[in-house]
Amino acid sequence: MAGHDIPGDYLDGYTGILADASATGRGLTRDELESRRALGERAADAGYGLRALVGAHLEAARTYGADPAAVPVSAAALLAAVEQAVDAFAEGYERAQLLAVRQEEAARREFIDDLLHGRSDLGLLAERAERFGLRLSSSHAVAVARGEGAYEEGDKAPRAVEQALAARFADRGVLITTKDGRLVCVAPGDQDDVLDFFAGQAHTATGGGRVAIGRPRPGVGGVVQSYEEALNALDIAERLELTPAVLRAADLLVYPVLGRDRQAMADLVVNTLGPLRQARGGAEPLIETLSAYFDTGCVAAQAARRLNLSVRALTYRLDRIHRLTGANPALPMHRYTLQTAVIGARLLDWPECPF
């Protein structure tokens, strides 16, 4: 064993190189440098610390220099040889570490892609998940945050969120990552406090971005379902111009139900709101009027303020809608049909995308 509990194998040929190089004052040859790099890579792969390895090299050099049987050399020549040898060794060590980091990052990214898209054998995926702190035998929920820009792992925003969660929930089995430019959190399904904390941190880190939380689902496939629910919630919120910064898929279940039969919804939109296209300025201003009216609980004064209109102007628009469609927004029987049609128009991007 060498000093610092480092096996002598990792200093193989070291003193011989020092003896020859320092005696002649020459620099290390290409083969000698490469042999040091190769030993550095082996030591890194074996898991030894660089500090201990450098200490072992310095101790071996000191022992060699103090040996009375050694050929006398100048201290400067010996130090120059040590410097070259240790620098080459450290270069090989760092090269191996960099490769290991890249391989770990690639394995993590491949696992995340497989996890969120349901690829790979589910049994093997569950085994791989334990390496990243997840036990997929229990239920999990997924939260997704979207900001103005796209985020990748290592960016400032994901790092800030991950550090905040690690400091508070170090042993909770939480995975923070990025996917398609969004921040993603996979957490045990019975730990709402983790997902709520992630939502708050992600909202801040993304500069006011929106966060959606999928429902807890069991097993490996449950992660995929929860992730897709969160993505759908973000899409629905954008289409319907929903205002909450944090959305729960469980609170938005009515919208996927409404959009499940696309043809029926399209027929309802066209038959109910189609006549609004005859209005001056098209259907869009009147659809916005209905949306604001319904969102404010059918209170004309609040809807008018939201649209920057006078109450009289808003009332005129509602009367115009009544005349064109035959449906009166003030009547409960007509109101449900109109409100459902307005939701359908938003979900289907009508009238911007006619069908």
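Mentor: In helix α3, the buried residues are Leu53, Gly55, Ala56, His57, Ala60, Ala61 and Tyr64. Buried here means under 20% relative accessible area, exposed means over 50%, and partly exposed lies in between, with a 1.4 Å probe and protein chains only. The model is predicted: local features need pLDDT of at least 70 and side-chain atom pairs count only at pLDDT 80 or more, while totals for chains, interfaces and linings use all residues. Residues are numbered from 1 along each chain as its sequence is written, and side-chain values use heavy atoms, with hydrogens and water left out. Helices (DSSP runs of H or I, at least four residues) and strands (runs of E, at least two) are numbered from the N terminus.

Helix α3 takes in residues 50–66, and the 24 Å between its end C-alpha atoms agrees with the 24 Å that its 17 residues should span at 1.5 Å a residue. The expected span is 1.5 Å times one less than the number of residues. The buried residues of α3 pack against α1 (14–24), α2 (30–46) and α4 (75–117); contact means heavy atoms within 4.5 Å.

Ala75 is found in α4 and counts as exposed because its relative accessible area is 54%. From Ala75 to Arg108 there are 33 residues in sequence and 48 Å in space, C-alpha to C-alpha.

The sheet comes next. Five strands make an open sheet in the order β2-β3-β1-β4-β5, with mixed pairing; two strands pair if DSSP finds at least two bridges between them. Its edge strands, β2 (175–179) and β5 (246–248), each pair on one side only. From one strand to the next the twist averages 20 degrees. α4 packs on this sheet, where it touches β2 and β3, and its direction makes about 85 degrees with that of β2. Axes are lines fitted to C-alpha atoms, for helices over the stretch in contact, and angles run from 0 to 180 degrees between N-to-C directions. Helix α7 (residues 192–205) lies across β1 (140–146), β2, β3, β4 (210–213) and β5, running at about 165 degrees to β3.

Strand β2 is mostly covered, with five of its five residues buried. Leu175, Thr177 and Lys179 point one way, Ile176 and Thr178 the other. In a regular strand the side chains alternate between the two faces of the sheet. Pairing between β2 and β3 (residues 182–188) is antiparallel, over five bridges. In β3, Val184 stands opposite Thr177, and Cys185 stands opposite Ile176. The two strands form a hairpin with two residues between them, and Asp180 in the turn has a positive phi of about 55 degrees.

Turning to the cores, a nonpolar core is a set of buried Ala, Val, Leu, Ile, Met, Phe, Trp, Tyr and Cys residues joined through side-chain atoms within 4.5 Å. The largest one has 57 residues, of which Phe111, Leu115, Leu134, Leu273, Leu276, Ile287 and Leu290 touch the most other members. Helix α8 (residues 219–240) supplies the largest share of this core, nine residues. A second, separate core of 26 residues includes Tyr10, Ile17, Ala21 and Val82.

Leu273, named above, also belongs to the buried set of α10, together with Met265, Ala266, Val269 and Thr272. Seen down the axis of α10, these buried residues fall within an arc of 150 degrees, so they line one face of the helix; the arc is that of the directions from the helix axis to the C-beta atoms. Gln263 and Asn271 are exposed on the other side of α10. The buried residues pack against α9 (254–260), α11 (284–295), α13 (311–325) and α14 (332–347).

Thr272 counts as buried, at 11% relative accessibility. Its contacts, leaving aside neighbours within four places in sequence, are Thr325, Thr337, Leu338 and Ala341.
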